[in-house]
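Thanks for coming, everyone. Please have a look at the screen, and then I'll walk you through it.

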Amino acid sequence: ECVSGCVCPEGLYDDGRGGCVEEEDCPCIHNNEWYSSGQKITVDCNTCTCQKGVWSCTANECYGTCMIYGSGHYITFDGKFYDFDGNCEYVAIQDFCGDKNSSGSFSIITENVPCGTTGVTCSKAIKMFLGKTELKLENKEYKEIQRDVGDDVLYWNRTVGLYLVIEASNGVMLIWDKKTTVFIKLSPDYKGKVCGLCGNFDDKSNNDFITRSGLQETSALKFGNSWKQSPMCPDVTQEIKPCDLKPHRKSWAEKECSIILSEVFKICHSKVDPVPFYDACVHDACSCDSGGDCECFCSAVAAYAQECTKVEACVFWRTPDICPIFCDYYN
């Protein structure tokens, strides 16, 4: 795009859209969309401006986000998507990682329990250790427990829409939907200094499977098992495929989850790949067979909608029939 070529008069440039423009009016392209010169877009916490056909971006260091949702779906700080279904307590993220000198200022533990009869697990409770404060989030509320050891770390909590947000003075933020979805946000100071199921936050997704003993794994099962809190819990030995175990639910799950691949989310498809979210949705919709099946489906679609919102593709997908939220009640 924006080349002089032999199709435009001298001094003008082909803008890639069938027109000829001056150099300062050259458009830019991002995620298959065209932007005019001077237009701005937001990428993470940075603003990019289109200048003469090239993006010019600010260089702010951004907070990282890890997402844990549904029945064992993880998206690490570096964007690796994987599944791990374990029935135990696991270290989601912590900042003491083998270095004997580091005492660490926080850790976040997720307690996974079976959600349905197929054996898949969902996050039931979250424990957040901040210095000598322990916060336990369970049953739509949280309680604080003071321990004897550790530093004082200040924290604040607030409710934002459906979410409970806990923000600490050490640059750690936890956002919980009071069900099975957790977002963990970390300040850029923690890059490469954390470990757990959310990876090491070093901007490289190919080395996220670092076990508790510091080895790099390729198997999500071995990686996940290494981060269990209690040696008494059994290791996970195989990936559960709930749609194979409950074939009568499969067609229902595929039909419901097809909203992710449909026109409803079309503006997001080129920005966030819908396929892993669709697969996760089908997995969850098959597995939640002991009540709460709509909740599992809704959480799975909401996870994709959340990723779309992050890249400025805002999708209004909820309807009175599909996962309604009574906003007046929450307001």
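Which domains does the domain assignment of the protein chain give? Domain 1 covers 13–57, domain 2 covers 64–226 and domain 3 covers 242–311. Those bounds come from an automatic or database domain assignment.

Ground rules next. This is a predicted model, where local features need pLDDT of at least 70, side-chain atom pairs count only at pLDDT 80 or more, and totals for chains, interfaces and linings use all residues. Residues are numbered from 1 along each chain as its sequence is written, and side-chain values use heavy atoms, with hydrogens and water left out.

Now the overall picture. The protein chain has 7 helices and 19 strands. Helices (H or I, at least four residues) and strands (E, at least two) are DSSP runs, numbered from the N terminus. Along its principal axes, the C-alpha trace spans about 75 × 55 × 45 Å. The chain has 331 residues, and 45% of them count as buried. Buried means under 20% relative accessible area, exposed means over 50%, and partly exposed is in between (1.4 Å probe, protein chains only). Take the contacts with a separation of 6 or more: 47% of them come from residues 24 or more positions apart. Contact here means heavy atoms within 4.5 Å.

On to the interface of domain 2 and domain 3. Their centres, taken over C-alpha atoms, are 23 Å apart. In contact are 20 residues of domain 2 and 19 residues of domain 3. How much area do the two domains bury between them? About 1,400 Å², with 62% of it on carbon and sulfur atoms. Buried area is the accessible area (1.4 Å probe) that two parts lose on being put together, summed over both. Three residues to look for are Tyr69, Phe81 and Thr118. They supply 31% of the area that domain 2 buries against domain 3, more than any other three residues.

What about polar links here? The rule finds 4 residue pairs in polar contact across this interface, both residues at pLDDT 80 or more. A polar contact is a pair of N or O atoms within 3.5 Å; within protein, one must be able to donate a hydrogen and the other to accept it, and residues adjacent in sequence count only if both atoms are side-chain atoms. On the side of domain 2 that touches domain 3, the elements giving two or more residues are β8 (64–69) and β9 (73–75). The largest share, 3 residues, comes from β8. By class, that side has 8 nonpolar, 9 polar and 3 charged residues. Ala, Val, Leu, Ile, Met, Phe, Trp, Tyr, Cys and Pro count as nonpolar, Asp, Glu, Lys and Arg as charged, and the others, Gly among them, as polar. Salt bridges between domain 2 and domain 3 number 0.

So where are salt bridges found? Side chains of opposite charge can pair when their charged atoms come close. A salt bridge is a side-chain nitrogen of Lys or Arg within 4 Å of a carboxyl oxygen of Asp or Glu. That rule gives 11 salt bridges.

Start with Glu138 and Lys124, which pair at 2.5 Å, N to O. Glu138 is in strand β14 (residues 133–138) and Lys124 in strand β13 (residues 121–130), 14 residues apart. Buried or exposed, Glu138? Buried, at 15% relative accessible area. Lys124 is partly exposed, at 35%.

Next, Asp152 and Lys132 form a salt bridge at 3.6 Å, N to O. Asp152 sits in the loop between β15 (141–146) and β16 (155–160), and Lys132 in the loop between β13 and β14, so the pair ties together parts 20 residues apart in sequence. Asp152 is exposed at 64%. Lys132 is partly exposed at 25%.

Lys204 and Asp202 also meet in a salt bridge, at 3.8 Å, N to O. Glu61, Lys191 and Asp203 are linked in a network of salt bridges.

Lys140 is not a glycine, but its phi is positive, near 70°. Lys140 lies in the loop between β14 and β15, and is exposed at 54%. Phe201, also not a glycine, has a positive phi of about 55°. Its place is in the loop between β19 (182–186) and α1 (220–226). Phe201 is buried, at 2% relative accessibility.
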